[in-house]
Amino acid sequence: FLDEADSFDLRRGIANDKYDVIFTPSYEKAYYDKEGYLSRLFSAAPIDLCISKHHPAANSEEFNVKLLQHDKIYTLNNEYAPDYEELVKSISQRYKLSSLAVTPKSNLQTVYNAMIKGEGCFLYCSSWFPAIDADIFCRYHMSNEMGGIMMVWNKTTTNPSVANLRKCIRF
């Protein structure tokens with residue numbers, strides 16, 4: 001069967017053999033590696049910088065890192081999104097955003113609320129957070145090498161082929 005669940009439920013589900021295979025954001029890879037699961041990148045996707053349409057940088061014809069000088073980069077806390085803060089720090093250094101304060105938030109709603117108020121920005125991948133509203137936020141493409149969806153399967157099974165994966169997922 002197919003099921004949709006949040007990160008906590010996915011982690012519990014695969015640990016308790018509820019799921020044979022889960023699809024999770026690639027920023028959680030170290031969590032599953034540490035727990036001994038098998039995983040691989042299933043689908044690559046770009047990382048974008050998201051800001052409020054009311055942010056001064058949103059009215060700029062060309063994006064410039066200097067427009068974010070005094071902003072915070074919001075992340076999700078480690079319990080909610082393992083390894084996400086490390087991914088954000090890595091991308092921040094790569095794009096010279098490292099002078100910005102990286103600020104963990106308790107959940108995605110608190111990130112949205114802070115961005116709507118124009119208090120900071122958020123690095124995200126549309127395959128992780130597809131519900132970010134384009135009418136409220138502006139996005140700037142940052143990277144195509146670090147984001148995506150990772151496939152994790154139970155450590156008691158072998159590396160699944162597509163045929164084996166079809167057997168695991170029942171419609």
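The model is predicted, so I kept to its limits, namely pLDDT of at least 70 for local features and 80 or more for side-chain atom pairs, while totals for chains, interfaces and linings use all residues. Residues are numbered from 1 along each chain as its sequence is written, and side-chain values use heavy atoms, with hydrogens and water left out.

Entry on the overall fold. I found 5 helices and 6 strands, taken as DSSP runs numbered from the N terminus (helices H or I, at least four residues; strands E, at least two), and along the sequence they follow the pattern α-β-α-β-β-α-β-α-β-β-α. Of the 171 residues, 42% are buried.

Entry on the aromatic rings. I counted 7 aromatic pairs in a search of the whole structure, where rings of Phe, Tyr and Trp (its six-membered ring) pair if their centres lie within 6.5 Å, and planes under 30 degrees apart count as stacked, over 60 as edge-to-face and the rest as tilted. The rings of Phe8 and Tyr80 have centres 6.1 Å apart and planes at 75 degrees, so I noted this pair as edge-to-face. The pair joins distant parts of the chain, since Phe8 sits in helix H1 (residues 7–15) and Tyr80 in the loop between strand S3 (72–76) and H3, 72 residues apart. Phe8 is partly exposed at 25% relative accessible area, and Tyr80 is partly exposed at 26%. I then took Phe122 and Tyr124, whose ring centres are 6.3 Å apart with planes at 5 degrees, so that pair is stacked. Phe122 is buried at 0% relative accessibility, and Tyr124 is buried at 1%. Tyr27, Tyr84, Phe122 and Tyr124 form one aromatic cluster.

Entry on helix H3. Which residues of H3 (residues 84–94) are buried? I listed Tyr84, Leu87, Val88, Ile91 and Ser92. They lie on the same side of H3, because they cover an arc of only 135 degrees around the axis, the arc being that of the directions from the helix axis to the C-beta atoms. The face turned away from this buried side carries the exposed residues Glu86 and Gln93.

Entry on Glu28. I placed Glu28 in the loop between strand S1 (21–25) and helix H2 (29–35), and at 0% relative accessibility Glu28 counts as buried. Leaving out residues up to four places away in sequence, Glu28 touches Ser7, Arg11, Tyr80, Ala81, Pro82, Asp83 and Met150, a contact being heavy atoms within 4.5 Å.

Methods. Buried < 20%, exposed > 50% of the residue type's maximum accessible area, 1.4 Å probe, protein only.
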